Amino acid sequence: MIPAKLKQGDEIRIIAPSRSIGIIAENQVGIAVKRLNEMGFKVTFGEHVAEMDCMSSSSIRSRVADIHEAFNDSSVKAILTVIGGFNSNQLLPYLDYDLISENPKILCGFSDITALATAIYTQTELVTYSGAHFSSFSMEKGLEYVIDSFSACLLQKEPFILEESVSWSDDEWYLDQENRNFIPNEGLVVMQSGEAEGTIIGGNLCTLNLLQGTEYMPHLAGAILFLEDTSMSDPETFDRDLESLLSQPGADEIQGLVIGRFQKESAMTAEKLTFIIKTKTALQEIPVISGADFGHTQPVATFPIGGTARINTNVTDKIQIIKH
């Protein structure tokens, strides 16, 4: 089930299912609202987005209430999360999946939002989206790719190419908007050649793994995995987290793997990533691509969880999103 695409004049509701909007500087909230207004959207906020406890989040009751209200409000056409965090998986047993299924609409965010977005997909078959947070739109420089990818995925119905950015950054841009460090993009890396088509499953690897053993974990047969992780995931951690994911049902029928760009602090190297991939039986003889523009570096692409991707390592446009 694919939700209706956004169009000019639509209302986007901002919710905080993980960390509170209270951690975002007030001027940056204003920048994000202005940017989305300039893109043609009306921006509204969930009632509880500014609540903040000692974990920089809010109560399960408040977060669930804002999710339900956003889906139930017919004037809301899309839902953007404020930012990621650590605890959106707390909400999953309390969500009204029938309500969500009866009111399908776009839900977009990344990182910790992987748990929420994936659970909604597995419980309702509603395609959700890994992509820009509300806070992403407060970035003053280097946002063009983010907007282009967001628009291609959420405003248009046609298949699109997951483009390679011209440059990328791994700086704390929200602390210093002026002095940015942009690095030329060397492009996608083909680690294993091939062609494949399948259902996109993934997002943040360590968050996806939180769903193992629950009803919210998707079956992996026929999947093309899109995986990324944070600076906290060093090569050893990524290795064991990937191993854990590949122990799940259907892993022997995975069709392909796309890996998002690693942060510098993770200390991942091409040599170590190659070694990790070669040790995974489920990944042998399928195409594997790394260095894609999603994850915790900038810019961030938008892609559909539950949508369909086609990858072909033998052509220039290696990653195509064909159903979103």
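I began with Glu 228, which I found in strand E11, spanning residues 223-228; helices (H or I, at least four residues) and strands (E, at least two) are DSSP runs numbered from the N terminus. I noted that the model is predicted, that local features need pLDDT of at least 70 and side-chain atom pairs pLDDT 80 or more, and that totals for chains, interfaces and linings use all residues. Residues are numbered from 1 along each chain as its sequence is written, and side-chain values use heavy atoms, with hydrogens and water left out.

**Entry on the active site**

I looked up the UniProt record, an unreviewed entry, which lists Ser 111, Glu 228 and His 296 under "active site"; its positions follow the numbering used here, feature names are shortened, and annotations may be inferred rather than shown by experiment. These residues are spread over 186 residues of sequence, yet they cluster in space, with a largest C-alpha distance of 8.5 Å.

I then checked burial (buried is under 20% relative accessible area, exposed over 50%, partly exposed in between, with a 1.4 Å probe and protein chains only). Glu 228 has a relative accessible area of 3% and is therefore buried, whereas His 296 counts as partly exposed because its relative accessibility is 21%. I located His 296 in the loop between strand E13 (288-295) and strand E14 (303-305).

For contacts (heavy atoms within 4.5 Å), I left aside neighbours within four places in sequence, and recorded for Glu 228 a list including Ser 111, Asn 204, Phe 294 and His 296.

**Entry on helix H7**

I went on to helix H7 (residues 235-245), in which Pro 235, Phe 238, Asp 241, Leu 242 and Leu 245 are buried. They lie on the same side of H7 because they cover an arc of only 130° around the axis, the arc being that of the directions from the helix axis to the C-beta atoms. The face turned away from this buried side carries the exposed residues Glu 236 and Arg 240. Among the elements covering the buried residues of H7, I listed helix H6 (205-208), E11, strand E12 (256-261) and helix H8 (270-278).

I counted eight aromatic pairs, where rings of Phe, Tyr and Trp (its six-membered ring) pair if their centres lie within 6.5 Å, with planes under 30 degrees apart stacked, over 60 edge-to-face and the rest tilted. Phe 238 and Phe 262 form an edge-to-face pair, 5.0 Å centre to centre with 80° between the planes. This pair links distant parts of the chain, since Phe 262 sits in the loop between E12 and H8, 24 residues apart from Phe 238 in H7. Both Phe 238 and Phe 262 are buried.

**Entry on Asn 87**

Last, I looked at Asn 87, in the loop between strand E3 (76-81) and helix H3 (97-102), which counts as buried at 13% relative accessibility. Its side chain is joined to that of Ser 57 by a polar contact of 3.1 Å.

Methods:
A polar contact is a pair of N or O atoms within 3.5 Å; within protein, one must be able to donate a hydrogen and the other to accept it, and residues adjacent in sequence count only if both atoms are side-chain atoms.
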